[in-house]
Amino acid sequence: MTTVDLGMPGTRIAYGSGNLYEETPFPEHARAELKNTQMRANIGHATHTIRGKRARVVGELPDWQDLRDAGSAIKQEVGARLPELLEQFEANVTARGGVVHWARDAAEANRIVTDLVRAKGVEEVIKVKSMATQEIGLNEHLEGQGIKAHETDLAELIVQLGEDKPSHILVPAIHKNRDEIREIFSRRMPGTGKELTNEPAVLAEAARSYLREKFLDTTVAISGANFGIAETGTLTVVESEGNGRMCLTLPKTLITVMGVEKLLPRFSDLEVFTQLLPRSSTGERMNPYTSMWTGVTEGDGPEEFHLILLDNGRSAVLGDPAGRSALHCIRCSACLNVCPVYEHAGGHAYGSTYPGPIGAILSPQLTGVAAEQNNSLPYASSLCGRCYEVCPVKIDIPSILVHLRDEDIRTKHGQRDQAATQQRSTVIEARQAEAEAAGVTPEPAGHPAEAKKKKVPSEMDLLMKAAGTVMSSGTRMGLAERALPLGRGALKPFGGAKWLPGMVGGWTQERDIPVPPNQSFRNWWKNNGENTQQRVAEDLGDTQLAVSAGGEVPASSLAGEIHQHAAWGAEAQAVAKLRAERDQAEGATTKDSPATSTGEREGEQNA
Amino acid sequence: MSQSEAKATILSRINYALRDQPVAPQTPRAYRRSSSLGHAEVVDMLEDRLVDYKANVYREDASSLPGRIAELLADSVTILPDGLDSSWLPEGLSTVRDHNDDGAPLGARELDALGAVLTSSTVSCAETGTIFLNGAADEGRRALSLVPDHHVCVVPLDTVVELIPEAFERMDHQRPITMISGPSATSDIELERVEGVHGPRRLDVILFG
């Protein structure tokens, strides 16, 4: 029995390492990806198709919202009771003949797997698609140690043979089309001949024959886990192709790498998650195969079972009450499929193993926002809130994004010196450990003190300060606006500005600056404000505005606020509707007269 | 040594992360946990969902079952789990049992050389079209229903339930569980569904009773 000192001195927040980083800031990477029209077309098609399927099968269940509520509550319980549940889980897996290992970070998990594989004296292993092993970069690590890991999921195999990176959680090779896949197979898959066409069925058959040999002969398999049950020690893998069943059943040794957050307290909780996951993920009522096993069963499946419980930054995520619900994620990818940013930028732009909206909150939290590598991710969103609506466990992604933006800004302004320094030093340490484990010289790391961001005001600070001074006084604002015609004169011959210097250049990266109008709004309002108020009174009369119906969204969240603000549009809609009705009535009586009141009003607006 | 250290460190980090002492909420379980449909309706729903997954579905009773099995498995060598009800079996079916001459279970390559497998099942969920195998004597070990390319699965009518919670109630977690919803499939290439990858490419379900 281990006793743990609550908040003992020396306990530190420890962030994760591995494939969790953006290699280039999101905007830069996204700009390059946007030019890849094939990728964009494929992703657009995939996300829209899966989105439609999901909506259909979710609509079939009268109790979908009840299931979401249950799923969300169970995951909150897991977070709150995690130490106790982990102990219980370990005890039950051990009692049933499994061996439990604990890995603080990616390097430690990789080392444990390598030692286990080496102990079996083999040089090849088969793998079930797993996000956790991708996160820790297991395949690359094993390769460096002379062990070949064969991915057995069709999409992962395509990605692996093509020496590519996954672009979607569920369908990792969705950025490749059938011709590209045929080309990869014929080049890299032994035993494929000229008869290989680009038909998906033919390509799948080729993969089947190639992998069957691996399944029949390989004695060690590595998997992830979708769920682990504390109460019984049961593990679950959800899949479609049967490659998972092969890996979990035929080899003599099974090694499972599972993030500590994948626990569920009770066996009966599976009745909630086996309904939430497939409908949210592939848009099916149920995925073709789900496997569950508890330890080792004599005469059925592997004789040896190892479970590696992985932290790698998860405890750090848990430590932020405003962000910890990111750990509720069950990796369904529904948020990717509805995200307007993901749809255009694709999965590679997010850098980390976890793309899309969930990646934008999970990756920076696993590594620490101040780790710099991921500080552009919380901005990779328009905060439209769709990800929250489809999330099967109700993770309020928009609110967490805003929270992380706040963290990022405060870090940049030196208001989180200590945390920033600590984050940076833990990341540097983890990377060095990783590099040493892999036998390469670590890149020289910057001194942690560098994370103490400059307190010298930045360009943005100066701009904001200047804008604040001007805008806080009507007189100053009026004076500033007199400069408008100047700008107009300068820009009109060019039809607007396409490039601005320095920091404000950020604006012209995404759009052109139009030619300024000939007068400011304040100026216009001075002459026309009164008319406008009259017009509103005229339009609405004594009409009561309809109160917009409240949804399921709690108002305390950002998604809730967005929802409430949408109600503000009800006023504008009411005005438009009344106008349309009246115009129709007037149009009937004054059809022959061109000088209708509407026409006059339009004239005023253009004045 | 290093392992107990790793465990202590991780638990210490987690305890530190939970220093605000969040409270575990009660799980609201307002979702459906028992069926409100008649049994015939539930069986119809299961058939509908299985067909939707491209499984072949047959309805047989005690007298017609052996004939159907004979027809479905005529061209194959079929492996049978030891506990399978022998009254289901037709005369003249070409079968093997799961042990070779020295009593050891068949190896993976031996299984791969067989054409088909015939099993029973523990429970089936109509709403999702899912058949649950639970390592029972008439289902055999997991490899049997996986490696041969053709799976004929008997679903006794009294094992059909409507909802997932009703199905899980009948599961024994001590033994391996395999949930099967149609033949194996992939949509990894341009989202075009291809039935049959590594699991059995042909799934025949006999609703029996």
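**Cavities and helix packing in a predicted model**

The lining of the second largest cavity comprises 14 nonpolar, 1 polar and 1 charged residues (Ala, Val, Leu, Ile, Met, Phe, Trp, Tyr, Cys and Pro count as nonpolar, Asp, Glu, Lys and Arg as charged, and the others, Gly among them, as polar). This is a predicted model, in which local features need pLDDT of at least 70 and side-chain atom pairs count only at pLDDT 80 or more, while totals for chains, interfaces and linings use all residues. Residues are numbered from 1 along each chain as its sequence is written, chains are lettered from A, and side-chain values use heavy atoms, with hydrogens and water left out.

**Cavities**

- The structure contains 5 cavities of 30 Å³ or more (sets of points on a 1 Å grid over the protein atoms alone where a 1.4 Å probe fits but cannot get out; lining residues have an atom within 4 Å of a point).
- The second largest cavity has a volume of about 100 Å³ (the space filled by probe spheres set on the points).
- Its lining consists of 16 residues, and A:Cys329, A:Cys332, A:Cys335, A:Cys391 and A:Pro392 lie nearest the centre.
- H14 and H17 of chain A are the elements that give two or more residues to this lining (helices are DSSP runs of H or I, at least four residues, numbered from the N terminus).
- The largest cavity, with a volume of about 110 Å³, is lined by 19 residues, of which A:Cys339, A:Pro357, A:Ser381, A:Ser382 and A:Cys387 lie nearest its centre.
- At least two lining residues of the largest cavity come from each of H14 (334-338), H15 (340-345), H16 (356-367), H17 (386-390) and H18 (397-412) of chain A, and H16(A) gives the most, with 3 residues.
- By class, the lining of the largest cavity has 14 nonpolar, 4 polar and 1 charged residues.

**Helix packing within chain A**

- The axes of H3 (residues 64-80) and H12 (residues 270-281) of chain A come within 10 Å and cross at roughly 115° (axes are lines fitted to C-alpha atoms, for helices over the stretch in contact, and angles run from 0 to 180 degrees between N-to-C directions).
- H3(A) is therefore roughly perpendicular to H12(A) (65 to 115 degrees).
- The contact (heavy atoms within 4.5 Å) involves residues including A:Trp64, A:Leu67 and A:Ile74 of H3(A) and A:Phe273, A:Leu276 and A:Arg279 of H12(A).
- The residues of this contact divide into 7 nonpolar, 3 polar and 3 charged.

- The axes of H4 (residues 82-95) of chain A and H1 (residues 2-17) of chain B come within 9 Å and cross at roughly 150°.
- H4(A) and H1(B) are therefore roughly antiparallel (over 145 degrees).
- A:Leu82, A:Pro83, A:Leu86, A:Glu87 and A:Glu90 of H4(A) make the contact with B:Lys7, B:Leu11, B:Ile14 and B:Asn15 of H1(B).

Note on methods: 1 Å grid on protein atoms, 1.4 Å probe; cavity = no way out; pocket = protein on both sides within 12 Å on 5 of 7 lines; lining within 4 Å. Parallel < 35°, antiparallel > 145°, perpendicular 65-115°, else oblique.
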